[in-house]
Amino acid sequence: MTLIILSYLAGILTIISPCILPVLPFVFASAGGPFHRNGLPLLTGLALTFVLFASVATVGGGWIVTANEYGRDAALVLLALFGLSLLIPGLADRITRPLVRLGGRLSETGEAQTGIWKPLLLGVATGLLWAPCAGPILGLILTGAALQGASTKTVILLLAYAAGSATSLAVALVAGGRFLGVMKRSLGFDEWLKRALGVAVLAGVALIAFGADRGILTRLSTTNTAAVEQWLLDKAPEQNTAMTGNAPAMTGNAPAVTGSMTGNTGMTGSMTGNGGAMMSSANASEAMPAGVTLDALKGADAWFNSDALDAAKLKGKVVVIDFWTYSCINCLRSLPYVKAWADKYKDQGLVVIGVHSPEFAFERDQGNVQTAIKDLGVTYPVAIDNDYNIWRAFSNQYWPAHYFFDANGKLRYHHFGEGEYEQSELVIQGLLAERNGKPASSDLVKVSATGEQAASDTADVQSPETYIGMAKQANFASPEDLLQDETQTYTAPTDLSLNDWGLGGSWNEGAEFATLTQAPGKIVFRFHARDLHLVLGPGADGKPIRFRVKLDGAAPGDAHGTDIDADGNGTVKEQRLYQLIRQPHAVADHTFEIEFLDPGVQAYSFTFG
């Protein structure tokens with residue numbers, strides 16, 4: 001219920017979003033008649049069209065993007081025709097083509113006009129063009145649908161979002177209608193007003209056609225609706241996590257979470273994790289999913305380090321399932337403990353299984369995963385879950401997430417995020433004692449991790465995971481508009497606020513990552529944390545890409561990470577997470593800069609520790 005309310009409130013906020021401005025002329029063009037005959041059908045058509053396309057887009061893949069582009073083109077033609085018919089009343093009488101006759105009908109006014117088809121059709125056309133500035137809440141909704149599949153819940157949340165937008169537009173419509181009515185009665189300039197609305201509609205069509213609705217308006221706007229939505233998420237009792245970015249597949253620093261162990265061991269546990277990447281909106285303290293069995297492993301696409309496993313093959317074994325993905329910093333920091341458990345307890349009846357559920361497209365490549373498994377020293381079985389079949393069967397929402405099954409195949413305990421490793425190991429020992437009828441080893445593993453796998457300095461991390469790809473980016477501070485799928489020269493900002501970032505040079509901003517099209521080019525970030533990591537990859541040709549890192553304008557020296565030297569030099573050779581900064585001294589605000597000396601690099605996201 002909390003998320004439904006938040007979705008509705010986020011929809012209301014679209015009225016002050018710059019991306020809604022080109023739609024307003026279409027809305028006000030129907031402000032001259034009774035609300036129930038003009039405004040209500042228009043808003044209904046707009047909201048239902050948005051919900052339909054957003055729902056289908058969550059599962060439709062690339063074809064729906066193409067279909068929507070055709071829909072936008074058709075809507076632009078229809079609305080341009082509507083604007084022209086307002087501007088030139090005789091146009092509809094001189095042109096006899098069916099589509100123009102439809103435009104003529106749309107331009108008809110008068111007391112005899114009683115049908116709702118004009119505003120309804122106008123609302124459908126407007127809904128095809130409506131691309132609100134998607135803040136954290138809409139991104140959160142679409143993420144859940146993308147990972148867990150379309151559902152009734154997704155549609156309800158999208159309806160709530162659309163209803164909120166329709167509510168704010170209805171207020172504007174009623175207020176605008178009253179204002180226009182007063183103007184008509186007092187000044188008698190009905191025809192002039194129609195022509196003015198026609199010009200406004202045509203201007204809106206031009207803005208959308210040339211993409212200015214996502215560019216110029218965003219730069220000119222002083223309203224930050226995403227910040228307001230983030231504040232709502234932070235205050236919501238069921239959504240206490242930092243969500244950033246514009247769009248599907250959201251991750252962030254996960255909240256403290258709780259888990260519980262049930263059964264006849266006499267052990268009960270509740271524990272708090274230190275965070276992990278979160279991939280949905282559900283309450284982090286929810287109960288364990290009901291009905292989950294190890295047969296969910298049959299949904300794997302492939303297996304490494306083992307033949308395919310299922311409940312029958314694992315009968316009599318204590319099993320730990322670890323959901324992870326190899327560029328996730330939270331997963332990497334928990335990995336030394338998972339590996340240590342697998343090694344220590346394998347002869348006592350424990351089987352650890354890593355379920356690799358990808359975040360980025362390159363993590364779907366089984367060759368990349370196999371290389372990562374080898375490089376990370378993972379020797380236990382790994383199930384490839386590219387289609388999220390196992391993820392959905394567990395109703396999982398986190399990287400990392402650990403699920404503990406007893407020797408009878410019953411789920412007994414779970415833990416989300418990093419931390420509380422001692423508690424998790426005690427659970428393993430308790431389940432093994434049940435299985436073997438005698439106590440398991442009482443000592444606990446000792447882990448001394450290095451590099452990116454070393455534990456985070458969580459007490460002094462003030463920078464959230466930040467995405468560079470257009471779909472989920474936030475806090476972009478370069479003076480130019482951030483344009484998707486267009487090559488543009490950006491200016492690196494010199495005065496950054498904490499957690500702001502910017503690009504310098506010629507970049508093409510895609511949904512998941514930004515690509516440097518000409519060298520040199522740079523990324524700058526103002527951060528507060530001990531460690532800074534950046535997920536990077538070479539271009540399509542796979543050629544190594546040289547880069548140089550600076551910290552506050554100078555070589556990092558002893559603050560360099562494992563993937564660069566003291567002078568800040570490094571090379572991107574494969575798609576993975578690169579540790580670039582590890583400070584040995586007191587943590588403070590710093591400006592990070594990475595300059596790429598060769599073109600083609602793909603930059604995905606920053607993480608901190």
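Strands here are DSSP runs of E with at least two residues, numbered from the N terminus. One of them, strand β14, spans residues 514-528 and contains Pro 520. The model is predicted. The points below cover its nonpolar cores, a surface patch and some backbone features.

**Nonpolar cores**
- The largest nonpolar core has 67 residues, and Ile 321 and Ile 353 touch the most other members.
- Helix α13 (residues 329-345) gives the most to this core, with 9 residues.
- Another core, of 35 residues, lies apart from it and includes Leu 516, Leu 536, Val 549 and Ile 594.
- Neighbours within four places in sequence aside, the contacts of Ile 321 include Ile 353, Leu 294, Leu 297, Val 355 and Phe 394.
- Ala 401, His 402, Tyr 403 and Phe 405 are also among the contacts of Ile 321.

**Surface patch**
- Leu 48, Val 155 and Leu 159 make a nonpolar surface patch of about 230 Å².
- Leu 48 belongs to helix α3, which covers residues 39-60.

**Cis peptide bonds**
- Most peptide bonds are trans.
- Trp 399 and Pro 400 are joined by a cis peptide bond with omega of about -15°.
- Pro 400 sits in the loop between β8 (398-399) and β9 (401-405).
- The bond from Ala 519 to Pro 520 is also cis, with omega near 0°.

**Positive phi**
- Most residues other than glycine have a negative phi.
- Ser 395, not a glycine, has a positive phi of about 50°.
- Ser 395 lies in the loop between α15 (389-393) and β8, and is partly exposed at 38% relative accessible area.
- Glu 420, also not a glycine, has a positive phi of about 55°.
- Glu 420 lies in the loop between β10 (411-416) and α16 (421-436), and is partly exposed at 35% relative accessible area.

Definitions and conventions. Residues numbered from 1 in each chain as written. Predicted model: local features only at pLDDT ≥ 70, side-chain atom pairs only at ≥ 80, totals over all residues. Heavy atoms only, no water. Patch = residues over 30% accessible without salt bridge, like charges linked within 9 Å, V, L, I, M, F, W, Y side chains within 5 Å. Areas by Shrake-Rupley, 256 points an atom, 1.4 Å probe, with all protein chains shown as cover. Salt bridge = Lys/Arg side-chain N within 4 Å of Asp/Glu carboxyl O. Helix = DSSP H or I, 4+ residues; strand = E, 2+ residues; numbered from the N terminus. Core = buried A, V, L, I, M, F, W, Y, C linked by side-chain atoms within 4.5 Å. Buried < 20%, exposed > 50% of the residue type's maximum accessible area, 1.4 Å probe, protein only. Contact = heavy atoms within 4.5 Å.
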